[in-house]
Structure formats: C-alpha cells, structure tokens
Amino acid sequence: MSSEYNPQTLENAIQKTWDENNTFVVTEDPNKEKFYCLSMFAYPSGNLHMGHVRNYTIGDVISRYQRMLGKNVMQPMGYDAFGLPAENAAIKNKTAPAAWTYSNMDYMTNQFKQLGLAYDWSRKLATCDPKYYKWEQYIFTKLLEKDLVYRKDATVNWDPVDQTVLANEQVIDGRGWRSGALVEKKTIPQWSMKITAYAEELLSEIDSLDGWPESVKTMQRNWIGKSKGIELDFEVENYNEKLSVYTTRPDTLYGVSYLAVAPEHPLASKAVNQNPNLQDFLNDCKKEQSNEAAMATMEKKGMFSGFHAVHPFTGKKVPIWIANFVLFSYGTGAVMAVPAHDERDFEFAKKYNLDIQQVIESHDGTEIDLTQQAYTEKGKLINSGEFDGMNFSQSFKAIKYKLEQEGIGRQQINYRLRDWGVSRQRYWGCPIPIIYCDDCGTVPVPEKDLPVVLPEEVTFDSDGGSPIKKMSEFYNVLCPTCGKKAKRETDTFDTFMDSSWYFARFANPNNDEQVLDETANYWLPVDQYVGGIEHAILHLLYARFYHKLLRDLGYVTSDEPFTNLLTQGMVLKDGAKMSKNKGNTVDPRALIDEYGADTVRLFSMFAAPPEHSLEWSDEGVDGSFRYLKRIWTNIENFTQNNKIIAKIVQDDLTADQKAMRLKTHETIKKVSDDFGVRKIFNTAIAACMELTNALVKFNDDSNNGKSIIHEGWEAIVKMLSPIVPHITQELWHKLGNEGLIVDVKWPTFNEKALVKDELQIMVQVNGKLRAKINVSANADKEIVEKTALGDENVQKFTTGKQIRKVIVVPGRLVNIVVV
RNA sequence: GCCGGGGUGGCGGAACUGGUAGACGCGCCGGAUUCAAAAUCCGGUUUCUUCGGAAGUGCGGGUUCGAUUCCCGCCCUCGGUACCA
C-alpha cells in the first residue's frame, strides 16, 4: 500500500522534531568553518507577506545548503520593531503601539515556524526591547564622547494644522496626509552622526566587496559622490564677508556670469533687510519640498539679491542671485554659474536674461550654438586670458595655483553624502539618552542609568503627536551631573539606528553585561546577507558605517559587515507590487493551509531567479504542488518494489544506463554550481525536474538499472532538501536512510560518469542552422569539418557556391561561410 | 531630474565566457484511464509558410563568420532619491 502525500501532517511532525532536537540552535565551534547567514529582519506589520516568504526562503535555502557542506551555520531572526506603522495603527485602533507590535511579533513567529525556516530562535531579538536598545543608547553615548555625534539645526516637514512633524511619506503633493494643509519647512535642533568622517573609507572599501552586486556598489559610490573641485572666495561689494563657492569646473571660471546662493544663506537674509520684496520669495521657498526629486524637477526660480561680486581674475562685477535650487547643505551653499557650460545655469540664465559667455571650445573646434543648450563637455579654454588653449587638467592646476597664490582659493574634496540626522520627533522609537541641564548643558545619560525606557502604556491623540512629549514624568528628571532639575530629550532615534547594528548583536543577543562579547568576532562578518534591493543605499550604507564605528570602539575586528550580499527582487501580482489598496495580495497562510509550506517555498524559488522581481501565479503554485506529488509517488512506487540495491560499476553499464547515469551526474554538477556559485535556484529546480522526467522514463529492471534509478532519486532528494526540507526528509527515509537530511553531505558528481563518447555539433551555413551532426568525442577539427561539409542538408546550401571560410568551435559548432 | 535595474512565445522564465533562441513550469489542444468527474499518465504547443523555408529576444543603428549577449541613440517600466522600512 502506498501512502498519500499529506503535507500538513508531515510538516507538523518534522517541525516538531527540529524543535525538540534544537536542530538549528548553534554555538561557536572552533573546529568547524562558520557560516553566518542573515536575512534582513522583519518589520512586524502583522502578517508575513509573499515578499517575506521569498526573502526568508532564499536565506533558508542558502543556510541549509551551507550546512550540508559541513559548516557551522548560524541563521537568526528578529524584529525591526520600532517605526511609523505602529503609531498609525495606534491612532486607528486606539491601542498602544507596544501591544500591537508584541502581538504581531508572536503571530509572525508562528508563521515563520510554519514555513519551516531553520532559525536559531534562541537568538530572537526585537529592537523595541529595552534589553536591545539599552546598548544602542550606550553606543550613542560612547560616540558622543568620541565627538562622532553632534547637535545642529536641521529642516523637518511641519504640518501647521496638526502641529506635528511629518515623514516624507506623509507629505502628499506638498500637503499633510491627514490635515491636507500645505506643509512648511521648519528648522529645529537635531542630533546628527558624522558619517561624512567615514566617507572616504566607505567609498574606498566598496572596491573590496567582491561578494556584492555591481549595481549596489555603483549606487553607493554615486551616493557618496566624491568630487574634486576648488573652493574660491569672491569679494562682495557692500558686504563685509567674502562669498565662498565650490566648483568642480574651475576651467569655466572666466564664463561666470552670476553667482547664486541658497535661500537659507546668510547673504540672503542680509539682502532681505535691504529689499523687503525678497521676503515673499524666501517665504515661497520655505513652502517648497526639500526632497531631492522635488528639488531637481521643480521650476528654477530666483531673484537678484542686490549684491554684486567681483570676479577674482577679470575684476568684472557679477550679480548675486538667490535661487531655490541651490542646496544650503551641499558645498558652501553658494555656486558660481556658468550658463554656457552647465545645463541648469543655462536654463536659469535664459529665463532671467543673464549673460552667456563661452569659454570652452568644442572638440573639433567647430562653432557651438549656445542659443539652444549649454555645451557641458570638457575642452580647450578660450576667452580665458592667460589660460587660453589649456585643456581641463592643465587649467585646473594653473587656476588652482593662481588662486592659491592670491590666497582666495584652494583645492577641496567634496562628498555628496551628508551627515546622518538621527532625531525623530516621534514616540515609537528608541529614546535618545540625553538630558539637558541649564547649568551643565547637554549631558549623556550615564551607563548605570541605561536604558532610558520608553513608556509603553500610552494613549495616542488623533493629531499623531508623540505622547512622551506631554509626559512630565518622562521628561522631568534630575541632572546626572549636578542633581538639579533638568529636561530629558523627548525625540527618539531614526529606526535605521536600530537596524544598523542588529546583525552584530545576534552573536550575543542575551548578553546583559556587554554590547558585544568575544563571540562577535567568531560570527562576524556576516557571510551571506539577503534582503530587498530597496535597501541598496540607506540601510546598507548605515550598517557599513556602524560596523566601522563598532570596530573603532573596539568591539569587532573586521572592516566590513557583509561579505556576500544578495538583493532579491519584489513579489508582484498582475504586474504590480502587492498592496492592500490594490487588493492584489496573496496570503501565505491560506496557501500553506492548502498546499503546505514546501509547495509555497518551491514556487517562490522556482518562479524567478532571486534578484528578479517575481510574478505571482496561483496556477504556478498548483504546478509546484504537482511536482512534489510526482516525486513522492514515483519514489514510493520505486522503493516498494525494489529493496536490494547493488553497487554501480561504470564499466559494466550498457549505453542506456550510461546515458541515464550521465544525466544524474550532469545534474549534480549543474545544481551544485547553481547553489554554490550562481545562487540561482529556479534553474537548479528545473534541472531536478529534467532529471525526474528522465528517471520516470527510464525503464530498467536489471540490478544495475535499479541502482542507477536509486542513485538518481537520492541525488534529487538531497539537492531539493534545502528548498523543500519537509518532504525530502520523509523521502530520505523511504529511500532506506536514517536520521535528519539536514546533516547529510551535499552530493558530489563522479567524473567517470560524466565522460561522453559522442558529441552533437551544430552546423551553420552563413550563420543559419542547417544540420546537427554526431561526432566521436575525440574527433579532431579536420574530421568535424569534413563531416559537416559532407552532410546532405549542408550540401544543399553549399553546392555551386564558393566556400570562403569554415569556423570550427570545438565541441560546439561549425559555421561555413559561402558566397 | 539624477543614480541603479528590467523588457525574450498566451504567461513565469532558460540560454552561465559572443556559438542550437524558447530548457523547466504554467496555460491551452489532443489522447489514455473513468459510468462520469476530479486526480493521474502520454503526446503536441513562437509566428508565418507555397512545407523548400522565412521571420523573430522593447524600438532604431553599429561591430562580428555568428549578437538575447558587446557598442551608440531612443521608448516603456520598476527600485532608490537622505523622516516608509
């Protein structure tokens, strides 16, 4: 009697076995090679969605594969538990964010277990747990000592109706998402991290990240945006300070026709005093969005400030404008404008009728039409006095030298990267461990008083304002230094602070004595990090930065946190991102109930390569389920009828047996490459399916035949076990084996079984396929060429024509070029 | 706007280093089994075709004996754009 494939019963039983045996709990083992596999931890939104399923299955497959290679694998999971959605849910449901978050985490942990993910749950952590964020606060105070954090004014989105600060996400078309009021910029003091102090290292070490996708590395390089330029000072008439500008194109200095400063620049404030008409313009600028996309696409607007600068070399007077597109936070907050050779300056000059003076010649010396667009390429200088005729690098040096001689300019390396503002005026986050005392100033909370615990029993107002800002019992404290009455900081940390170091804390999540102990250097760096491509810049850059901070604080010895990075694409339905609004979500729970976790895992891995987006298909899930039933039934039938398996002797095999065995070992080779090198699983599954088809078709009752079939099934079961761990565990037993398949060695291919006697060669005439010929595997070029030319169908295309050339690609193809 | 991806049959995708375009799966069509259905199994399935072939990998060019793959210029689409995570 054969048994039915019943995934629910099977999966429950096997998950119970793993649980009872602590199969995935790991400790440091100096005798084994370690492998730390980490999938980006989850935001506890309430339910696992398909994006999670995919992300975590990928990590799980890699973990289980590495374990079969004999490594000591750690795969932990936790929760990125602070954040905005909990506050939104709190306002909506009138519950505290903490209660909502904790219940979501419980529910999701169960879902994780149902998926059969091989996590070491003894290491579970949550960022909203004081046991975790105590150390985040501690690190912050250490960084304050090292002068790596500081307080400065920074801009936020201010909703004037709700009287709250809004996240960029909460600003829709320039209006607050609840109130609908026009959002204003507001400047308040905030804490910043000096990531720019690490800009050079963050940039240069990208080169050492061989296990990262090129696209992510390029994005990070561009984000850091290192540039070499000149900072130079202009004298300003009737203004007692010089105006410094930063430019990467000093070669165009003679083409400067105006300067432009940001609306926040001190010169702009000075200008208002003399010309009140400017006030309206500056007020308008305040209402504009400050995010990068808006800045880049908005209409370029400006007003003449009333001031003139003096060109350092020509002595010419150039007007200074106030312009909405100049960033106060980049460079000096002021630019020199050369409309002839910069698109944006050109657009602005056209609009306001400002001079356009050509100072760069075209490559071939032909006339450039500067009435339609700027000429932005580099070239020889003209109209530039003593610098005429120089190229870019010559003029850069010469102009730099002259500016230095006159003491009005210097070479400057600039980064697009800005320091990281970490203050948030929100409730559900890690409290910033600072106390403000009238006498002692800014005082960090001493270690003995950490953690500063976030009160969890709070009620939320509909305006979305942070409850702790109204809780005197929270913010009224005594100064730790002098003991007088003082005020606690009520802002919380950006949640990126929480997620920038969790990967390290997983080494010792339950250590209440230290941030990190010696186990951190056993496990770190993470060998494989898996997560969404949407984190390519911010999270991954902050985490790299934090790892260097931890290194410089003496906790870790490595320079980079993630050796290999896999960025998975999104899960789509009907071509769009799944979302509740669109009503195109697929609930993993319902699918697991219907098909079992293995089917869901198999489909997630089969439908697309990890890095691509994945189009969800209900029919496709059916197909995956069908495949599992197919191997179940076939192995069941095979093992029922064939008990004795003989040892295979390659030389005794018939041609058909050799061919079958070749397929098995070719598949092992291909799948090993897919798992270990390419990290692509859809093709590995396809190869296993091909092997399955071949085994089903292969009818051979001889002892050798049975052994070859057994070998094939066993290979499939092992190779699929990281992807579908439950069913393969059971099939492993059916094939006559004991124990847990998680600890079985990954299969290896047999070189002898891979030897082919005959090869199939494609024959093309003028690049078009005309024949397929079989030649002996050791046939030389001449024989291959002769066989190709002698082929009947080939001759139909060659007779009566002159053969000009014959290209033979060994083992692959012959191309005959005729005229 | 800028930075980084992606675009191949009816659909998801394969082709790994420039060498058989469409592996594998879904769907569909036909057959077997069944009283019937479900399930299962077997076969077919890019398009056009005068059945010789011809065309074909977002669009337009180029390099090459040969291009999905390399180069140039576009179009569409997705991710990020510093307070969503």
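Modeller: Start with one residue pair. Lys226 stands opposite Tyr415 in strand β16. Keep in mind that this is a predicted model.

Biologist: Okay. How many bridges do β10 and β16 share, and in which sense do they pair?

Modeller: β10 and β16, residues 409-415, pair over 7 bridges. The sense is antiparallel.

Biologist: How many bridges join β10 to β11?

Modeller: There are 5, and the two strands run antiparallel. β11 covers residues 243-247. Phe234 has Leu243 in β11 as its bridge partner.

Biologist: What sits between those strands in the hairpin?

Modeller: The hairpin of β10 and β11 has 6 residues between the strands. Asn238 takes a positive phi there, near 60 degrees.

Biologist: And which residue does Glu235 stand opposite?

Modeller: Val310, in β13. β10 and β13, residues 302-310, pair over 2 bridges, again in the antiparallel sense.

Biologist: New topic: holes. How many cavities of 30 Å³ or more are there?

Modeller: The count comes to 3.

Biologist: Which residues line the largest cavity?

Modeller: Phe24, Ser63, Arg64, Arg67, Val73, Met74, Gln75 and Ala118. By class, that lining has 4 nonpolar, 2 polar and 2 charged residues.

Biologist: Which element gives the largest share of that lining?

Modeller: α2, with 3 residues. Both α2 (50-68) and β2 (72-74) supply at least two residues each.

Technical notes. Residues numbered from 1 in each chain as written. Chains lettered and ligands numbered in written order. Predicted model: local features only at pLDDT ≥ 70, side-chain atom pairs only at ≥ 80, totals over all residues. Heavy atoms only, no water. 1 Å grid on protein atoms, 1.4 Å probe; cavity = no way out; pocket = protein on both sides within 12 Å on 5 of 7 lines; lining within 4 Å. Points joined across faces, edges and corners; volume = space filled by probe spheres on them. Helix = DSSP H or I, 4+ residues; strand = E, 2+ residues; numbered from the N terminus. Nonpolar A, V, L, I, M, F, W, Y, C, P; charged D, E, K, R; others polar. Pairing = 2+ DSSP bridges.
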